[in-house]
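Colleague: Hi, I'm new to this one. Could you walk me through it?
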Amino acid sequence: MNIKKHIPNTITCCNLLSGCVAAVYAFMGVYPLAFTFIIAGAVFDFFDGMVARLLGVSSPLGVQMDSLADDITFGLAPATVIFSFMKNLLVYPAFLGAFAGVLPYFAFLIAVFSACRLAKFNIDERQTSSFIGLPTPANALFLSSLVATSDTLLKDGVSNWFTDFCCNPVAMIVIVIVR
């Protein structure tokens, strides 16, 4: 049995596992740990393709597994971070009060658009050596870092323009939609 052909897929599975754990920590409201596991997923994502090429064991299955893992780690995990933050910590102004129970669900558009981005990447032959647009890992790291940083600052008693911005429900919705 040729074990080296399984090494890249094992690394991809570590990416997927990191994304699952990040989502759990996000639902628990432990945003810095969720962010840490998204970073871990990004590290595994960086190495899985590189190892596959170095070992000469790239496969169509590996490509599909990589996209699935990426959508969990860089789509679902940051979406749960934003969802949990919007659902549990944000204070909605009066004009949005009637929609406060629904607005956090907009965060799951991150997972939807990440899946679309990854699928487009897989079939776009112009993207074999470079990216067009924002790669999903960069987007996930940006979004989850906003929440992890503002949550840490707030727990330390720091309130400034950054925490005010991140704790503004309108700003978070705009970030989710525009990003």
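Modeller: Happy to; we can go from the overall fold to the core and then the surface. Keep in mind that this is a predicted model.

Colleague: Thanks! How many helices and strands are in the chain?

Modeller: The chain has seven helices and zero strands. Along the sequence the pattern reads α-α-α-α-α-α-α.

Colleague: And why call it as compact as a globular protein of that length?

Modeller: Its radius of gyration is 18 Å, close to the 16 Å that the globule rule gives for 179 residues, so the chain is as compact as a globular protein of that length. Along the principal axes, the C-alpha atoms fill a box of roughly 60 × 30 × 25 Å.

Colleague: Now the inside. Which residues of the largest nonpolar core touch the most other members?

Modeller: That core has 33 residues, and Ile-38, Val-81, Ile-82, Met-86, Val-147 and Met-172 touch the most other members. Among the elements giving two or more residues to this core are helix H1 (7–28), helix H3 (60–88) and helix H5 (136–155). H3 supplies the largest share, eight residues.

Colleague: What is Val-147 in contact with, leaving aside neighbours within four places in sequence?

Modeller: Val-147 is in contact with Tyr-31, Val-81, Ile-82, Phe-85 and Met-172.

Colleague: Nice. What percentage of the chain is buried?

Modeller: Buried residues make up 42% of the 179.

Colleague: Changing topic: what about the surface and the charges?

Modeller: The accessible surface comes to about 9500 Å², and 72% of that belongs to carbon and sulfur atoms. As for charges, the chain has 9 positive and 10 negative ones, with mean positions 6 Å apart.

Technical notes: Residues numbered from 1 in each chain as written. Predicted model: local features only at pLDDT ≥ 70, side-chain atom pairs only at ≥ 80, totals over all residues. Heavy atoms only, no water. Core = buried A, V, L, I, M, F, W, Y, C linked by side-chain atoms within 4.5 Å. Buried < 20%, exposed > 50% of the residue type's maximum accessible area, 1.4 Å probe, protein only. Helix = DSSP H or I, 4+ residues; strand = E, 2+ residues; numbered from the N terminus. Contact = heavy atoms within 4.5 Å. Rg over C-alpha atoms; globule rule 2.2 N^0.38 Å. Areas by Shrake-Rupley, 256 points an atom, 1.4 Å probe, with all protein chains shown as cover. Lys, Arg positive; Asp, Glu negative; His and termini not counted. Charge placed at Lys NZ, Arg CZ, Asp CG, Glu CD.
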